[in-house]
Amino acid sequence: MEQVNASRDHPIDAETIAAELPGHHREELRLWLRLLTCTNMIEGEIRRRLRRDFDVTLPRFDLMAQLEKTPQGMTLSDISKRMMVSNGNITGLVDRLVASGHVTRRASDTDRRAQLISLTELGRAEFRAMAEAHEGWIAEMFAGLSHNRVEQLMELLSRTKSSVREASLNA
């Protein structure tokens with residue numbers, strides 16, 4: 001739903017289009033489009049910077065982040081649940097990280113059919129460097145918001161999350 005405005009020669013997002021036609025859309029739809037636009041902008045910039053600075057994809061970074069939180073290792077199934085993607089997607093990522101020396105696989109002590117995936121020392125060191133840069137990028141992107149605005153936005157998003165959860169339970 002992205003189109004190009006020839007006069008400015010850059011993409012216009014769905015939220016901007018909806019805002020230009022406020023009578024045609026309910027404010028809840030415009031709000032959702034604004035949230036989506038912000039999310040897509042931030043994610044796109046994080047993807048770009050991870051690729052530029054570390055030659056890493058966002059899914060690889062996300063997988064390493066999950067493993068960093070669980071030093072004892074995780075099964076493929078646990079990783080896929082946390083990342084909300086299929087085991088097949090995780091298997092490919094893990095294969096590439098094993099090949100690059102960033103993660104290891106080992107049989108589970110309790111279930112020999114399951115493999116535990118863990119970061120190696122190399123993986124842990126490189127992830128920490130990426131995580132530090134990532135945190136700085138996020139801070140930079142939100143630098144235009146005061147501490148009070150961030151707190152207000154967190155409260156509003158918390159209420160939004162509760163509202164979505166409630167609507168999901170009632171559907």
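Predicted model: local features only at pLDDT ≥ 70, side-chain atom pairs only at ≥ 80, totals over all residues.
Biologist: Let's start with aromatic rings. How many aromatic pairs does the structure hold?

Modeller: Rings count as a pair if their centres lie within 6.5 Å. Going by that cut-off, the number of aromatic pairs in this structure is two.

Biologist: Are the rings of Phe54 and Trp137 stacked, edge-to-face or tilted?

Modeller: Their centres are 6.3 Å apart, and their planes meet at 55°. Planes under 30 degrees apart count as stacked and those over 60 as edge-to-face, with the rest called tilted. At 55°, therefore, the pair of Phe54 and Trp137 is tilted.

Biologist: How many residues apart in sequence are the parts that this pair ties together?

Modeller: Phe54 lies in helix α2, which covers residues 27–54. Trp137 lies in helix α6, which covers residues 121–141. The pair therefore ties together parts whose separation in sequence is 83 residues.

Biologist: Is Trp137 buried or exposed?

Modeller: Buried means under 20% relative accessible area. Trp137 has a relative accessible area of 7%, so Trp137 is buried.

Biologist: And what does Phe54 count as, at 28% relative accessibility?

Modeller: The label "partly exposed" covers what is between the buried limit of 20% and the exposed limit of 50%. Phe54 has 28%, so Phe54 counts as partly exposed.

Biologist: Now for the rings of Phe61 and Phe127. What is the arrangement of that pair?

Modeller: The ring centres of Phe61 and Phe127 are 5.3 Å apart. Their planes are at 35°, so the arrangement is tilted.

Biologist: Which helices does that pair link?

Modeller: The two residues are 66 places apart, so to speak, in distant parts of the chain.

Biologist: Let's turn to charges. Which side chain of opposite charge is nearest to Arg60?

Modeller: Arg60 lies in helix α3, residues 58–69, and is buried yet has no salt bridge. A salt bridge needs a nitrogen and a carboxyl oxygen within 4 Å. The nearest side chain of opposite charge is 6.7 Å away, and that is Glu126.

Biologist: How many salt bridges does a search of the whole structure find?

Modeller: One of them joins Asp55 and Arg51, at 3.2 Å from N to O. Another joins Glu68 and Arg128, at 3.4 Å. The search of the whole structure gives a total of eleven.

Biologist: How far apart are the closest N and O atoms of Arg105 and Asp95?

Modeller: These two residues form a salt bridge. Arg105 is in strand β4 (residues 103–107) and Asp95 in helix α5 (residues 87–99), ten residues apart. The closest N and O atoms are separated by 2.2 Å.

Biologist: Finally, the surface. Which helix gives the largest share of the nonpolar patch?

Modeller: The patch is about 630 Å², and its residues include Leu31, Leu35, Phe142 and Leu157. Both α2 and α7 (147–170) supply at least two residues each. The largest share, four residues, comes from α7.

Biologist: What does Leu35 count as, at 33% relative accessibility?

Modeller: Leu35 lies in helix α2. Residues in a patch need over 30% relative accessible area, while those called exposed need over 50%. At 33%, Leu35 therefore counts as partly exposed.

Methods: Residues numbered from 1 in each chain as written. Heavy atoms only, no water. Buried < 20%, exposed > 50% of the residue type's maximum accessible area, 1.4 Å probe, protein only. Lys, Arg positive; Asp, Glu negative; His and termini not counted. Phe/Tyr/Trp six-rings, centres within 6.5 Å; stacked < 30°, edge-to-face > 60°. Patch = residues over 30% accessible without salt bridge, like charges linked within 9 Å, V, L, I, M, F, W, Y side chains within 5 Å. Areas by Shrake-Rupley, 256 points an atom, 1.4 Å probe, with all protein chains shown as cover.
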